[in-house]
Amino acid sequence: MTALVLRHDGPGTVTVPGPRRRLIGLVVALAALLVLLALSVMIGSTAIAPSVVWDALFHPSDDIDQFAIRDYRLPRTVVGLVVGAALGLSGALIQALTRNPLADPGILGVHAGASFAVTVAVGVLGVRDIGGYMWFAFAGALVVTITVLGLGSTRRGQSPVVLVLAGVCVGAVLGGAREALQLTDPDAFDALRSWNAGSVVGRPLDLVWPILPFFAVALVLAFAVSGPLNAMALGDELALAQGVRLVRTRVFAIVALTLLAGGATAIAGPIGFVGLMIPHVARWIVGPHQRWIFAYSVLLAPILLLASDILGRVVMHPSEIPVGVVTAFVGAPVLIVLVRRTKASGL
Amino acid sequence: MTTTSRRSGSATAAMFLSAALVLTACGSDGGDADDKAGETHSVTADNGTIEVPVDPQRVVTIGNTTLPFIDMGGEPMGVTDVSASELGLIPEEQKATFEAATNLGASADQVDMEQLAGLEPDLILAQFPESEFEPLEKRLESIAPTVFWGLGTEWKAFADGLARAGDVTDELGEQKAEFESKVTGIQETYGEIIDDISFVNLDRWASSDPGTYSIADFGCVEIAQDDIGMDFPEAAEGQDPLGWTSLPFEQLAELSEYDVITYPVDAEGRPTEPFAPVVETNTWKALPAVSSGRALGVFCPGNNSYGPVLQYLDSLDAALATLPAKE
């Protein structure tokens, strides 16, 4: 990876790696992801021999240790992969869309909408299991983002600044309403306390599969708008001059990031820093090319999430730390170091 | 009514309260309520020695004192809220008593002080976290004599103190006699079977993180361990209770070392709603104790007063009766 570090050759000049190096970097990232996937299945709060892990995956039996692999480690690994990729890509999308390096998916009210919907589901409707309120979270994220999109639209289309302001305002209102509900309903408070931490534990794959088609649609939309987003990074006027359809690009991008962030939040709860930090890392490696940033984000974000989850399983043995807590601890210092080392993460 | 009284220090607390609960009658011992009107005696609890009416007529209960006081026949005129799940576990007549009282707020820190003062109570009985009592202490004591217990108080000492302060000792005496009888019965019937068996008690609550459970060493299991003599794992001296640690389902396999598993069920014998995800796992089904019929569902409606504890003992008795002899 060090071969891909950007060089500052002088004031105002930044050397970015060529397509070949970007591709090599992508392969390295893919290899690292595969290693993390293997480690995630092998490492846990219970010591299980690698041979048992192998048998659990390829020669399944009713051995009690094999259940630990198939029923717990494998699902959380798949959840980490899917949620990580979704958060990374949605973060790259929101930063490109708003041309704001500090933007993350929560800025459009995704987390606020999902959290509020879960609070209503638990506190008002009595939904108790995660399979029940996951869909409320997804619907809440979608409805709130569409509302923000409506509020943030002006006669001249959607302005990134107005969109962000609308997202912040709606998020604040829903946050207050959510807290009021939680204070009057201890059950809702308990459910939200756990959900808000952000975790990939106890999410059966049966709950994840139905979300995947939404992610697939979002993936196609995201890469479809990556070219226009490159042009929009130079400003709306220049993008228009290049024939970019601004409104359509923004709508596609918002739909994609909402499906990704809403789905990820519905499955795992709000997990911070992944969507904020990973696009910075990707931009640092490949420069301001959205398609490459998106591709790198899809691979790098699960690496961070899986590494954080593995760390969370072993540092507090026999208990575990939710992955959302670990990503905050790991992500914040790394982000600070990256931002201080290079200007390449700026937009 | 699932006060998480910790095992550590519980014995000390019991001795302390038993010894410190001093009643100094200032008047006659006459049973007539009129004779006792205006008379006071001193009661010692976690907030010191308090002078309270011998025959309180207008009692307000705050926090965990509400259901135990009602369980002992008390009729509070003001109460703080009780969760629907707790309310669903108590007898109908006790529920009616609770609902007849004025609701003063969701919890101790949300008590409507103006409304409380308006009730003109002659005694306030309170149990909730010590940290919440300090800011309320002066305001409560300005309204009526207040007897306070922290959550670390051992349940029998708490029941004794509550009964004496609230003048419901007659019902308590009957409950205690029944408790002793049931404990002795279980010890005599199953003593030989349980002597060589290692038990582990599991639990899971509505607030538990998804995919986690706990080895619970507080609550009703303390009665099985301390009063009946069953062998359950417990935290090392000075350490936090085992039940405070959430364990991932992955670690269920490590329970294979125990002969018998006890787990929470509702009044109908079904796993409690929070615990149901545990029994649905393949790991649970593969545990030796489960596959050999040595996983015992036990109903624990509460462990803060004798009424629910008696129900627990009945359930434990029935569960132990299904235990096959150890091979």
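Gly63(B) stands opposite Gln127(B) of strand E6(B) in this predicted model, where local features need pLDDT of at least 70, side-chain atom pairs count only at pLDDT 80 or more, and totals for chains, interfaces and linings use all residues. Side-chain values use heavy atoms, with hydrogens and water left out, while residues are numbered from 1 along each chain as its sequence is written and chains are lettered from A in the order in which they are written.

| Partner of E6(B) | Sense | Bridges |
|---|---|---|
| E3(B), residues 59–63 | parallel | five bridges |
| E7(B), residues 146–149 | parallel | four bridges |

Turning to the interface, 23 residues of chain A are in contact (heavy atoms within 4.5 Å) with 23 residues of chain B. The two chains bury about 1,800 Å² between them, 53% of it on carbon and sulfur atoms, this being the accessible area (1.4 Å probe) lost on being put together, summed over both. One salt bridge is found across the interface, the term requiring a side-chain nitrogen of Lys or Arg within 4 Å of a carboxyl oxygen of Asp or Glu. Arg73(A) forms a salt bridge with Glu250(B), their closest N and O atoms being 2.7 Å apart.

Terms used:
Two strands pair if DSSP finds at least two bridges between them. Helices (H or I, at least four residues) and strands (E, at least two) are DSSP runs, numbered from the N terminus.
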